[in-house]
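Student: I am new to this structure. Can you show me how to read it, feature by feature?

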Amino acid sequence: MRALALSDSGLIYTPDWPTPVLQTGQVRLKIRRAGICNTDLELIKGYLNFQGVLGHEFAAEVIEGSPEWLGARVVGEINVACGACDLCAEGMRTQCRNRVTVGIKQHDGAFADQLALHSSTLHRIPDSVTDDQAVFVEPLAAAYQITEGIHISPSDEVVLMGAGKLGMLCAQVLKLTGARVKVVVRRERPAKILEQWGIEAVQLADLPSNRAHVVVDCTGTSEGFSASLGLVRPRGTIVLKSTYTGLPQVDLARVVVNEIRLVGSRCGPFDVALRALENGLIDTAPLIEGRYPLSAGLEAIQTAAKPGTLKILLEM
Ligand SMILES: [Zn+2]
Ligand SMILES: [Zn+2]
């Protein structure tokens, strides 16, 4: 089958990747569409030393496996949990001690014609949600993990750093809390989209220091944390959504002195994200900046890696 993968020789496209063999509990997915995410770009740069097929944002159809799922249009969670460890027992499957992660850690991903995936990770896509929208379920769930992790009051002032692929979904989720949301933008395109959504786009230099109740770092860079520390008010909260290869240079004494709460936030609830899309609460169409056939995957990655590019889709 065709696949876009990380190998000893770096990122490759090949029409001859071995078709996956189903393991117990797995179904065979025919991938319909997939999205390129910042994590993919970081993995290509060496994050986690991943090898295998990339891709964890996708819409697919079940073509083999349990009759319960056969023929269903689905999205799949990226964490494949063991179901047996203490954290799984507490319902924290995304933090499973023995998890593997689709397209990220010890599990092939979705930038291919097919993917073998455990059925426990699957969610049905409602008929009214298109494949284009469903590709956003994984990152949208991650955006909803912000409000799973902290309470945001409508009277809070919230600053979001980073109007990229994930940031533009987080901006919409944050707006739904009723809080006053300002998004730090560096480019015109996201600023225009935010304006359409009635969300304020600002420059970092225009924001007062140490005023925001909540700062969300979606910059995807090691500089985002330090900028967030400059914006959050004493006893405020910084939500960290960025994963990257580098290490941040920050004065942690400021966290102590100003009693800042730091909240790491990763994968979120797929059912919530699917319901939000079904109810028309989240707009994904303006975030799609390009589409490529899987066979042009290398070019698609190149485009996605250009600074400021929003979502690039791969069509199988
Ligand atoms: Zn992602
Ligand atoms: Zn587990």
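This is a predicted model: local features need pLDDT of at least 70, side-chain atom pairs count only at pLDDT 80 or more; totals for chains, interfaces and linings use all residues.

Student: Which protein donors hold the zinc ion (ligand 2)?

Tutor: Donors are N, O and S atoms within 2.8 Å of the metal (3.2 Å for Na, K and Ca); water is not among the atoms, so sites may look incomplete. Here the donors are the SG atoms of C82, C85, C88 and C96, at 2.3 to 2.4 Å from the zinc ion (ligand 2). Along the chain their spacing reads C-x2-C-x2-C-x7-C.

Student: What does the site of the zinc ion (ligand 2) look like, judged by its angles?

Tutor: Four donors count as tetrahedral if all angles lie between 85 and 135 degrees. The ideal angle for four tetrahedral donors is 109.5 degrees. The 4 donor atoms of the zinc ion (ligand 2) make angles of 100 to 120 degrees, and the site is tetrahedral. C85 sits in the loop between β7 (79–80) and α2 (86–89), and C96 in the loop between α2 and β8 (100–101), so this pair ties together parts 11 residues apart in sequence. Helices (H or I, at least four residues) and strands (E, at least two) are DSSP runs, numbered from the N terminus.

Student: Are C85 and C96 buried or exposed?

Tutor: Buried means under 20% relative accessible area, exposed over 50%, partly exposed in between (1.4 Å probe, protein chains only). Both C85 and C96 are buried. C82 has 33% relative accessibility, so C82 counts as partly exposed.

Student: Which residues coordinate the zinc ion (ligand 1)?

Tutor: C37 (SG), H56 (NE2) and E57 (OE) do, at 2.1 to 2.6 Å. Their spacing along the chain is C-x18-H-E. H56 and E57 are both buried. C37 is buried too, with a relative accessible area of 11%.

Student: How many disulfides are there?

Tutor: A disulfide is a pair of cysteine sulfur atoms within 2.5 Å. The count is 0 disulfides.

Student: Which strands does β3 join?

Tutor: Two strands pair if DSSP finds at least two bridges between them. β3 (residues 26–36) runs antiparallel to β9 (residues 114–118), with 5 bridges. There R28 has A116 as its bridge partner. β3 is also antiparallel to β5 (residues 57–64), with 7 bridges, and I31 stands opposite A60. With β18 (residues 311–315) it forms 4 bridges, again antiparallel. Of the 11 residues in β3, 8 are buried.

Student: Which residues touch the most other members of the largest nonpolar core?

Tutor: A nonpolar core is a set of buried Ala, Val, Leu, Ile, Met, Phe, Trp, Tyr and Cys residues joined through side-chain atoms within 4.5 Å. The largest has 49 residues, and L140 and V183 touch the most other members. Elements including α4 (137–149), α5 and β12 (180–184) each supply at least two residues. Apart from this core lies another, of 43 residues, with L41 and V80 among them.

Student: Where does Q172 lie, and what is it in contact with?

Tutor: Q172 lies in helix α5 (residues 167–175). Contact means heavy atoms within 4.5 Å. Beyond neighbours within four places in sequence, Q172 is in contact with W197, I199, L281, I282, D283 and L287. Its relative accessibility is 6%, so Q172 counts as buried.

Terms used
Residues are numbered from 1 along each chain as its sequence is written. Chains are lettered from A and ligands numbered from 1 in the order in which they are written. Side-chain values use heavy atoms; hydrogens and water are left out. Four donors count as tetrahedral if all angles lie between 85 and 135 degrees; four count as square planar and six as octahedral if opposite donors are over 155 degrees apart and all others between 65 and 115; anything else is irregular.
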